[in-house]
Every structure is written in structure tokens, then in C-alpha cells.
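Let us take a friendly walk through this structure. Have a look at the sequence and the fold first, and then read on.

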Amino acid sequence: MIGIFILTALAFVLSFVLVVVDARLNKVDGRLREIESLLPGYNCGSCGFSWCRAMSEEILKNKDIYIKCRPLRGKAKKEMEDYLGIEEVK
Ligand code: SF4
């Protein structure tokens, strides 16, 4: 009977350790999430990146690259420009 309690306690401790390690290894920059949320999310690849997350990472490095996202238009484009602090080009 004591063995079951020990195994249960061990499983609980190990699962807690796994959750903490996973959270630290997969730590995502908050700006990355915000930029990704401003992209259309089609994962269409027309920007040259295989998915919107990769494009978000590139925007963090070079904010002017957002223009390569062709589906990003209108209000969504304006929101991205506002977020990145880019003046609208007319
Ligand atoms: S073009 Fe835009 S919607 Fe398509 S994958 Fe690139 S960032 Fe995502």
C-alpha cells in the first residue's frame, strides 16, 4: 500500500517538474504572440515563410518585412502599422 503512495507522490513531483521545464524551454516572447495575433493567420506561405509564426519572428528582427504578408490589408494592416510604429505611406 505504501508503494502506491510513493509512486503517486513521485508521479506528481515529476509531472510538476516537467511542466516547469516545458514552460521555461518554450518561453515565447510576448511581442511575438502580439505580432502573430495581428497577422491573418492563414499560414499560406505567400510571404516566403512557411507559417505566420515564422513571419512574426522575422518581423521582430526587421519590422519593415510585414509588408510581405499580402493578405494583410485594410484595418488589419493599419493595426499592424500602429503596433510597429510605422507611418502610413501614401
Ligand atoms: S503571408 Fe501572411 S498569412 Fe500568409 S503565412 Fe505569411 S504572415 Fe501568414
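A cavity, as the word is used here, is a set of grid points, computed over the protein atoms alone, where a 1.4 Å probe fits but cannot get out. With that in mind, we can turn to the ligand in this predicted model.

**The ligand and its surroundings**

The ligand takes up the space of the largest cavity. Around the ligand we find Leu39, Pro40, Tyr42, Asn43, Cys44, Gly45, Ser46, Cys47, Cys52, Met55, Cys69 and Pro71. What is the make-up of this shell in nonpolar, polar and charged residues? Nine of its residues are nonpolar and three are polar, while no charged residue takes part.

Proline 40 belongs to the loop that runs between helix H2 (30-38) and helix H3 (52-61). Once neighbours within four places in sequence are set aside, proline 40 is in contact with Cys69, Pro71 and Leu72. The C-alpha atom of proline 40 is also separated by 9.1 Å from that of arginine 73, a residue 33 places away along the chain.

Asparagine 43 has its place in the loop between H2 and H3 too. Its phi is near 50°, which is a positive value in a residue other than glycine.

In soluble globular proteins, nonpolar side chains tend to be buried together. Here the largest nonpolar core has 14 residues, and those with the most contacts inside it are Leu39, Met55, Ile59, Tyr66, Leu72, Met80 and Leu84. At least two residues of this core come from each of H2, H3 and helix H4 (74-84). Which helix gives the most to this core? That is H3, with three residues.

Leucine 39 is listed both around the ligand and among the core residues with the most contacts. Apart from neighbours within four places in sequence, leucine 39 is in contact with Cys52, Met55, Ser56, Ile59, Cys69, Leu72 and Met80.

Methionine 80, in helix H4, touches Ile35, Leu38, Leu39, Ile59, Tyr66 and Leu72, not counting residues up to four places away in sequence. Methionine 80 and valine 13 lie 67 residues apart in sequence, with 43 Å between their C-alpha atoms.

Serine 56 sits in helix H3. Leaving out residues up to four places away in sequence, serine 56 touches Leu32, Ile35, Glu36 and Leu39.

| Residue | Relative accessible area | Class |
|---|---|---|
| Proline 40 | 29% | partly exposed |
| Asparagine 43 | 40% | partly exposed |
| Serine 56 | 0% | buried |
| Methionine 80 | 0% | buried |

Why does serine 56 count as buried? Serine 56 counts as buried because its relative accessibility is 0%, and buried means under 20%. Asparagine 43, at 40%, counts as partly exposed, since that class lies between 20% and 50%.

Notes. Residues are numbered from 1 along each chain as its sequence is written. This is a predicted model: local features need pLDDT of at least 70, side-chain atom pairs count only at pLDDT 80 or more; totals for chains, interfaces and linings use all residues. Side-chain values use heavy atoms; hydrogens and water are left out. A residue is near a molecule or strand if one of its heavy atoms lies within 4 Å of it. On a 1 Å grid over the protein atoms alone, a cavity is a set of points where a 1.4 Å probe fits but cannot get out, and a pocket is an open set with protein on both sides within 12 Å along at least five of seven lines; lining residues have an atom within 4 Å of a point. A molecule sits in a cavity or pocket if more than half of its atoms lie within 2 Å of its grid points. Ala, Val, Leu, Ile, Met, Phe, Trp, Tyr, Cys and Pro count as nonpolar, Asp, Glu, Lys and Arg as charged, and the others, Gly among them, as polar. Helices (H or I, at least four residues) and strands (E, at least two) are DSSP runs, numbered from the N terminus. Buried means under 20% relative accessible area, exposed over 50%, partly exposed in between (1.4 Å probe, protein chains only). Contact means heavy atoms within 4.5 Å. A nonpolar core is a set of buried Ala, Val, Leu, Ile, Met, Phe, Trp, Tyr and Cys residues joined through side-chain atoms within 4.5 Å.
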